[in-house]
Amino acid sequence: MQMSRKSEQPNSLQMEVRHLRETIEVMRAELENLRLESDRLVQRAIADAGIENQQLKSTVRVLRDELEKMQFDEQEHINQAVAAANDEIVQLKATIYALRHDLEVQRLDNEAHARQVLSAANSEITQLKATVMALREQLEQHGPG
């Protein structure tokens, strides 16, 4: 019986070693599968990140183009507003000049008219004085009674 136990021990040990080797092989295969899966996931993540990076670059490009267009449009709007304001200023200055000229012409006309009226009034006063003097002389010549 001892012999059979001794002969069973090596057999049992061999089975255990074989079982351990099979377990190691299975674990190696699982480890290799995990490594391959990990590599696949890393490659997938890299590919996804590359796609996302390209999408973000495209979005940045589109937004930059829109921003530049908005800035250009805003500058164009400002330039148009400045040009319109400058045109209005030129027109207002021309209107002011014309009004000042008309005012000056009217002032000169009023002064000339005032001089004519004053001259006519002075002339009439002189004639009236002459008439008064002539009438006094006539009165003095005819005397009282």
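**Entry 1: surface and overall form**

I looked up the accessible surface of the chain first: about 13800 Å², with 59% of that belonging to carbon and sulfur atoms. Areas here come from the Shrake-Rupley method with a 1.4 Å probe, and for residues only the protein chains shown count as cover.

I note that this is a predicted model, in which local features need pLDDT of at least 70 and side-chain atom pairs count only at pLDDT 80 or more, while totals for chains, interfaces and linings use all residues. Residues are numbered from 1 along each chain as its sequence is written, and side-chain values use heavy atoms, with hydrogens and water left out.

I then checked the secondary structure and found 1 helix and 0 strands. Helices (H or I, at least four residues) and strands (E, at least two) are DSSP runs, numbered from the N terminus. Helix α1 covers residues 2-142.

For dimensions, I recorded a C-alpha trace that spans about 205 × 25 × 10 Å along its principal axes. The radius of gyration of the chain is 61 Å, whereas a compact globule of 145 residues would have one near 15 Å. That radius is taken over C-alpha atoms, and the globule rule is 2.2 Å times the number of residues to the power 0.38.

How much of the chain is buried? Buried residues make up 0% of the 145 residues. The classes are buried (under 20% relative accessible area), exposed (over 50%) and partly exposed (in between), with a 1.4 Å probe and protein chains only.

**Entry 2: two single residues**

I picked Gln43 in helix α1. Gln43 is exposed because its relative accessible area is 52%. From Gln43 to Glu140 I noted 97 residues in sequence and 141 Å in space, C-alpha to C-alpha.

Ile125 also belongs to helix α1. With a relative accessible area of 42%, Ile125 is partly exposed. Ile125 and Ala45 are separated by 80 residues in sequence and by 116 Å between their C-alpha atoms.

**Entry 3: charges and salt bridges**

I counted charges next: 18 positive and 25 negative side chains, the centres of the two sets lying 12 Å apart. Lys and Arg count as positive and Asp and Glu as negative, with His and the chain ends not counted. Each charge is placed at NZ of Lys, CZ of Arg, CG of Asp or CD of Glu.

Side chains of opposite charge can pair when their charged atoms come close. A salt bridge is a side-chain nitrogen of Lys or Arg within 4 Å of a carboxyl oxygen of Asp or Glu. By this rule I have 7 salt bridges.

Glu37 pairs with Arg40, their closest N and O atoms being 2.4 Å apart. Both residues lie in helix α1, 3 residues apart, about one turn of the helix. Glu37 is partly exposed at 33% relative accessibility, and Arg40 is partly exposed at 45%.

Arg44 and Asp48 form another salt bridge, at 3.3 Å from N to O. They are 4 residues apart in helix α1, about one turn. Asp48 counts as partly exposed, at 36%.

Which residue meets Lys69 in a salt bridge? It is Asp73, at 2.8 Å from N to O. Lys69 and Asp73 are separated by about one helical turn because they are 4 residues apart in helix α1. Lys69 counts as exposed at 51% relative accessibility, whereas Asp73 is partly exposed at 34%.

Last, I found a network of salt bridges that links Glu104, Arg107 and Glu111.
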